[in-house]
Amino acid sequence: MTGATPSRRTIISGFAALPMAACGQKSKSQDLPTPVDPPPLKSLAPFPFGCAVSVERLSDPVYSALLTRNFSQLTAEWEMKMEYILQDDGSFRFDRPDRIAAFARDNRMRLFGHTLVWYAQDPAAFRPFDGRGPVFAGALRNYILAVVGRYRGQAVGWDVVNEPVAEQGDGLRDCLWSRNLGQVDYIRRAFDYAREADPEVPLLINDYNLESLPAKRSQFMRLVETLLKSGTPLGGIGTQSHIDVSLPAGAIGRSMRDLASFGLPIHISELDISLNRGRGPLSSDEQLRVRQVRLAKEMAEAFAALPPAQRFAFTTWGLRDKDSWLRGPKENPTPPWDAPLLFDDDGRAKPVFSAQAEGLTASAALRRPSA
Ligand code: GLA
């Protein structure tokens, strides 16, 4: 983690600040304290706090001040993906990834690499190699060597393969990569190439809906087992955690316990809690916000309860609500507007911030030896 690990005193004072903050302002419900002058998120527990970012936003001083105050790790929301780096003619474009890396360095933040191979992206540059096994594999190797090699020594981890499990968990994805290199073999190869590029960096596999779909989680875990048995250099598990307010109580804890059973570090890699996606016909806005707060606390507690060596990082998929992908593209925002993140459009910490902070600090403090 960048910067000093917070002392017990920091954690306790951060924790103590929460009820005080709760006295400041109330949202409509008595149960939802809006924090006033909240402590920086990254000071509340001794593990990295990540945030998804884009170059465009980093140049906004208001945004970057809030970001650097609260977070200790960055993930590029999309500018380190193949879609951006690999151009149609096969050349590489590193301008924006380099700017994100420089921002992280300048602000003593960790840089997390996301992502090398993703079923959803099959760039034109690979088309000439389609159906030509060894040449296709060689092109993938070149890409991974170039990207991982460029950030070697700075990146603290990579999502090597993103979303390998089929939507409902009934198998693995059928995609350009699997058709050319084999359903499990494309994954193994991607990990081997990444390891070749950087012998030290933790290599992760990342997927979503692992909390809400037990069948998908089982399939994901079978894949992890297969990879580990075959000696693939898999060093961690990413659970995206794009959840919504309809997720039942207890689902997060069950998922976390299952995923942690391999003993590998866990990355909550893309957390957001959608209000709109879990909106039932009868739910009021207030009910949705109460459920969001409950889930944020549950997620934080489940992560903080992991053994310290398994807490890779806790990453939020965006800073303010208006930065969220769930709002849709800037030119065409999706109504009704969602509010899935910790800070509102104006950068004020929301009740969900207090809930997450409380979950993190309570569990983290409990697990620390007394001073
Ligand atoms: C997936 C990907 C992310 C991002 C989100 C939507 O979860 O892993 O990189 O594209 O979708 O923002």
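**Helix crossing, pocket and cavities**

Helix α6 passes α8 in a right-handed crossing. A crossing counts as right-handed if the near helix is turned clockwise from the far one by less than a right angle, and as left-handed if anticlockwise. The contact involves A137, L140, R141, I144, L145, V148 and G149 of α6. From α8 come R189, A190, Y193, A194, E196 and A197. Contact here means heavy atoms within 4.5 Å. By class, these residues are nine nonpolar, one polar and three charged. Ala, Val, Leu, Ile, Met, Phe, Trp, Tyr, Cys and Pro count as nonpolar; Asp, Glu, Lys and Arg count as charged; the others, Gly among them, count as polar.

This is a predicted model, in which local features need pLDDT of at least 70 and side-chain atom pairs count only at pLDDT 80 or more, while totals for chains, interfaces and linings use all residues. Residues are numbered from 1 along each chain as its sequence is written, and side-chain values use heavy atoms, with hydrogens and water left out.

Now the geometry of the pair. α6 spans residues 133-150 and α8 spans residues 185-197. Their axes lie 8 Å apart, at an angle of about 40°. Axes are lines fitted to C-alpha atoms, for helices over the stretch in contact, and angles run from 0 to 180 degrees between N-to-C directions. The two helices are therefore oblique to each other. Angles under 35 degrees count as roughly parallel, over 145 as roughly antiparallel, 65 to 115 as roughly perpendicular and the rest as oblique. Helices (H or I, at least four residues) and strands (E, at least two) are DSSP runs, numbered from the N terminus.

Two backbone features come next. The peptide bond from H114 to T115 is cis, with omega near -5°. T115 sits in strand β5. E163 is not a glycine, yet has a positive phi of about 55°. E163 belongs to the loop between β6 (155-162) and α7 (176-181).

On a 1 Å grid over the protein atoms alone, a pocket is an open set of points with protein on both sides within 12 Å along at least five of seven lines; a cavity is a set where a 1.4 Å probe fits but cannot get out; lining residues have an atom within 4 Å of a point. The largest pocket has a volume of about 1000 Å³. Its lining holds 41 residues, with E77, D323, S324, W325 and L326 closest to the centre. At least two lining residues each come from α2 (55-58), β5 (110-118), β9 (242-244) and β10 (266-274). The pocket lining has 19 charged, 11 polar and 11 nonpolar residues.

There are three cavities of 30 Å³ or more. The largest cavity has a volume of about 60 Å³. L271, D272, I273, Q292, T316, P340, L341, L342, V352 and Q356 line this cavity. β10 and α12 (351-367) are the elements giving two or more of these residues. The largest share, three residues, is from β10. Six of the lining residues are nonpolar, three polar and one charged.

The second largest cavity has a volume of about 40 Å³. Its lining is R289, Q292, V293, K350, P351 and V352. α11 gives the most, with three residues. By class, the lining has three nonpolar, one polar and two charged residues.

Key: Grid points are joined across faces, edges and corners, and a volume is the space filled by probe spheres set on the points.
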